[in-house]
Structures are given as C-alpha cells and as structure tokens.
Amino acid sequence: MPETVLDAVAHLPEWPVRRDWGIGVVGAGFIVRDCHLVAYNDAGFQTLAITSRTESRAREVAEFRGVSRVYPTVEALLDDPEIEIVDVAVPPAEQPAVIRRIVDHPRKVRGILAQKPLAFTSAEAHDLVAACDAAGIALQVNQNMRYDHSVRALKALLDRRVLGDPVLATIELRAIPHWMPWARDGRSLSTFIMSIHHLDTFRYWLGDPQRVLASTRPDPRTTFAHADGINLAILEFANGARASSWDDVWSGPAREGAGADLGVRWRFEGTDGLALGTIGWPAWPRREPSTLTYSTRSDHGKWHKPVWPHAWFPDAFAGTMSGLMRAIEDGSEPDISGRDNLRTIALCEAVLAAASEHRVVPFAEFLS
Ligand SMILES: NC(=O)C1=CN([C@@H]2O[C@H](COP(=O)(O)OP(=O)(O)OC[C@H]3O[C@@H](n4cnc5c(N)ncnc54)[C@H](OP(=O)(O)O)[C@@H]3O)[C@@H](O)[C@H]2O)C=CC1
Ligand SMILES: O=C1CO[C@H](CO)[C@@H](O)[C@@H]1O
C-alpha cells in the first residue's frame with residue numbers, strides 16, 4: 001500500500017522561480033478587486049498596471065490595492081515594456097475580443113491568464129487557442145477550482161493511488177452564486193458559469209469521460225430568463241468510474257425566510273479508501289478554508305484530517321497565475337492551458353446538449 005499521509009505542501013501550488021513577472025490586469029470588477037489582487041499581493045507577485053472599460057473604476061481599484069499604473073486602454077497597457085503577463089478578468093462575452101486585441105498588438109506579451117469560460121462556444125475557444133499559438137503567447141485558463149486546497153490535495157492522493165481504483169466522485173453544490181448583470185446575456189447560465197468548475201474538476205481528477213447524462217431546470221429565484229439553473233450531471237468513464245455533480249444554485253427558499261443549509265461538499269470513493277471534502281466558498285466574504293478528510297483500508301477506521309488556513313476565494317487565484325509563470329519559465333504548456341480547456345468547454349457543450357435534448361451524449365461528439 002502507498003504511504004497514506006499527505007506531505008505538508010500537497011494542497012499548495014508549485015511556485016515559479018521568479019515571482020516578479022510584470023502583470024497587467026484588464027478589468028476592475030469584483031473578482032479583480034477582491035480575489036486576484038489580494039492573492040497576488042499575498043503571493044508576492046508584481047501587479048504593475050491595470051486598465052478597464054471605465055477608467056475611474058480602474059483608478060479606484062488601483063488605489064485600493066496599490067497598483068501604481070492605470071492605463072486608459074488595453075493597447076496603452078500593452079505598450080508598457082514591463083508588462084509580461086496579461087490577466088484578463090472581464091465578462092465572458094467581452095473576453096474573446098480583449099484576447100484578440102492582446103494577440104494582435106505589435107508587442108507580444110509572454111502569457112495570458114483568461115477567465116472561465118474561455119468562450120461560450122467550442123468554435124470561438126478553438127479560434128482563441130489558435131490565435132495565441134500563432135502569436136507565441138502562452139494561454140492559461142483560470143479554472144481555479146483545480147487550485148482549491150481540498151481539490152488539489154485529493155489529486156495528490158489519486159496520483160499516489162492512495163484510494164485505489166476510482167469508483168465514484170460526487171460534488172454537491174447547495175449555494176447561491178451572486179449572478180452579475182452580465183450573466184443574463186449569455187448563451188448559458190449555470191453550465192458555463194458555475195458547473196464548469198465542477199466539470200473541469202472531474203476532468204482534473206479522472207480525465208475525460210466517455211458519456212454524459214444531464215438534466216436542468218430554471219432556478220425559481222433568478223428573475224431573468226434562463227434555461228440552465230439547477231444542473232444535475234452524470235459522467236461515465238472508460239475505467240468504470242462515475243462522477244456526478246448536483247449544482248443546486250437555488251438551494252431552497254434560503255434567502256426568502258426559510259432556514260438555510262448552504263455549502264459545497266464533495267466525496268471520492270476508491271476501492272481502497274474514501275475522501276470527503278468541503279469548499280468553504282459559500283461563506284464568502286468570510287474566509288472559510290476548504291477541508292479534506294480521508295481514510296483507507298490500512299487506517300483501520302481512523303481518519304486523516306489535514307488542516308490548512310487557505311480558502312478557495314481568494315487564495316486559489318495565486319495558483320493559476322503561478323501555473324502560467326512556471327510554464328513561461330520552462331517553455332512548457334501551462335497546466336490549465338487553453339488547449340486543455342477546449343475539452344472542458346466541450347464537456348459544457350455535452351452537458352447542455354444532454355440536458356436540453358434529453359439524450360445520452362458521447363463526449364467525443366463535441367471534440368474536433
Ligand atoms: N475563476 C473564478 O472563480 C471566477 C471567475 N469569474 C470571472 O471573472 C470575470 C469577471 O467577473 P466579475 O469580476 O465578477 O465581473 P464584474 O462585472 O464585477 O467586473 C467586470 C469588469 O470588466 C470590465 N470590462 C467589461 N468589459 C470590458 C472590456 N471590453 N474591456 C475592458 N474591461 C471591461 C468592467 O468594466 P465596468 O467597470 O465598466 O463595468 C468591470 O470592471 C467573468 O468572466 C467571470 O466568469 C468571476 C468570479 C469567480
Ligand atoms: O466562477 C464563479 C464562482 O463564483 C462567483 C461568485 O458567486 C460566480 O459569479 C462565478 O462566476
């Protein structure tokens with residue numbers, strides 16, 4: 001049996017050699033102000049400049065978080081010779097055009113960290129990956145649940161086969177995302193904005209599935225028109241493993257006077273062991289660390305309960321940036337590259353098709 005005790009840093013990112021790569025940020029909204037810039041400051045990363053659609057908002061965020069340069073446009077930011085990495089955090093419908101402006105600029109930066117979803121269709125995501133390739137710019141996608149500390153620690157256990165052969169993985173989200181105004185204009189609501197985190201996490205833990213089953217219904221609280229609110233998905237893998245996410249963005253009338261039972265719980269069962277996790281994000285803005293508890297046949301009923309102070313929001317945001325910096329240093333493909341993310345976008349497409357057409361969808365149908 002493999003050693004069942006996790007090493008003390010299994011839940012953390014591998015850090016780059018240089019932490020002072022010059023970062024320029026596009027967007028000055030919630031996620032930049034309260035997660036990206038906080039996590040980068042904590043990690044010792046160097047955010048040199050920011051630009052956004054509304055310059056005054058960029059200026060406010062820059063002053064609040066200590067970013068010294070504010071530029072009126074993406075192009076002005078790209079003209080700054082010290083900007084090596086561009087961190088894009090604009091609404092999904094705006095993102096492809098911003099990435100194309102970065103790629104088309106005469107001065108080529110070394111890397112782009114794009115938000116999830118990379119795009120709302122596979123075709124657009126493919127175009128963006130090809131454009132970054134042609135420009136020689138490394139593209140990383142901010143699927144930062146892979147850097148949630150419980151999710152990452154489980155991956156370390158799986159890599160060491162501590163739990164044996166994978167049997168069943170589940171993620172149960174009973175939480176209420178704060179949908180931004182831009183969320184109403186997309187092709188999809190929950191699938192491409194929230195479920196994408198869990199679908200990507202299943203790919204990180206288990207690889208690509210063979211088939212997808214799914215069902216969706218609108219969430220009774222969300223007043224704007226949407227098809228995919230509450231999402232139930234089942235993934236079938238070639239090795240026999242199954243994964244299922246219940247993305248319950250309604251969670252009952254918890255905001256309307258009923259008692260609330262909110263949380264994100266996951267569970268992974270293998271032939272030799274069982275792991276249970278929680279993701280503390282629903283407590284945001286309170287920092288609630290994610291947790292992991294696991295036990296194997298050789299533990300004779302005892303549980304391992306590593307404890308750490310880190311939380312998905314904001315700490316995991318340093319991990320995805322770190323992955324991009326390491327790839328630039330090594331000249332290798334980023335760990336959550338645009339190319340890898342095409343498969344997560346394909347999985348979102350498969351879930352949407354399975355749910356809306358009421359059929360079992362082969363994953364390969366959306367790979368091209
Ligand atoms: N990985 C994760 O865990 C998370 C990812 N996200 C992603 O981050 C992105 C931003 O979300 P969030 O911060 O919540 O949204 P906000 O609406 O709070 O912020 C969006 C920001 O982008 C700016 N913006 C919009 N269009 C452009 C443009 N064309 N060029 C430059 N700036 C532009 C807005 O400017 P203005 O001030 O004028 O509106 C605003 O500052 C989304 O893609 C979302 O999916 C969000 C939460 C978590
Ligand atoms: O990725 C995400 C996770 O949480 C956010 C805040 O509720 C969502 O809006 C979002 O886009």
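The centres of domain 1 and domain 2, taken over C-alpha atoms, are separated by 26 Å. The protein chain is divided into domain 1 (22-144 + 320-337) and domain 2 (146-312 + 344-366), with bounds that come from an automatic or database domain assignment. This is a predicted model, in which local features need pLDDT of at least 70 and side-chain atom pairs count only at pLDDT 80 or more, while totals for chains, interfaces and linings use all residues. Residues are numbered from 1 along each chain as its sequence is written, and chains are lettered from A and ligands numbered from 1 in the order in which they are written.

**Contact between the domains**

- In domain 1, 14 residues are in contact with 17 residues of domain 2 (C-beta atoms, placed from the backbone, within 7 Å).
- The side of domain 1 that touches domain 2 comprises nine nonpolar residues, four polar and one charged (Ala, Val, Leu, Ile, Met, Phe, Trp, Tyr, Cys and Pro count as nonpolar, Asp, Glu, Lys and Arg as charged, and the others, Gly among them, as polar).

**Surroundings of ligand 1**

- Ligand 1 is surrounded by 24 residues, of which the closest are Gly27, Gly29, Ile31, Arg53 and Thr54 (C-beta atom, placed from the backbone, within 6 Å of the molecule).
- This shell consists of 13 nonpolar, seven polar and four charged residues.
- Domain 1 and domain 2 each supply at least three residues of the shell.
- Helix H1 (residues 30-43) gives the largest share, three residues; helices (H or I, at least four residues) and strands (E, at least two) are DSSP runs, numbered from the N terminus.

**The six-stranded sheet**

- An open sheet with parallel pairing is formed by six strands in the order S3-S2-S1-S4-S5-S6 (strands pair if DSSP finds at least two bridges between them).
- Its edge strands, S3 (69-70) and S6 (138-141), each pair on one side only.
- Within this sheet, four bridges link S1 (residues 22-26) and S4 (residues 85-88) in the parallel sense, and Ile23 has Ile85 as its bridge partner in S4.
- Helix H8 (residues 312-330) lies across S4, S5 (111-114) and S6, and runs at about 160° to S6 (axes are lines fitted to C-alpha atoms, for helices over the stretch in contact, with angles from 0 to 180 degrees between N-to-C directions).

**Pairing of strand S7**

- Strand S7 (residues 166-174) runs antiparallel to S11 (residues 263-270), joined by eight bridges; Pro166 stands opposite Gly270 in S11.
- S7 is also joined to S10 (residues 242-248) by seven bridges, in parallel, with Glu172 opposite Trp246 in S10.

Note on methods: Contact = placed C-beta atoms within 7 Å.
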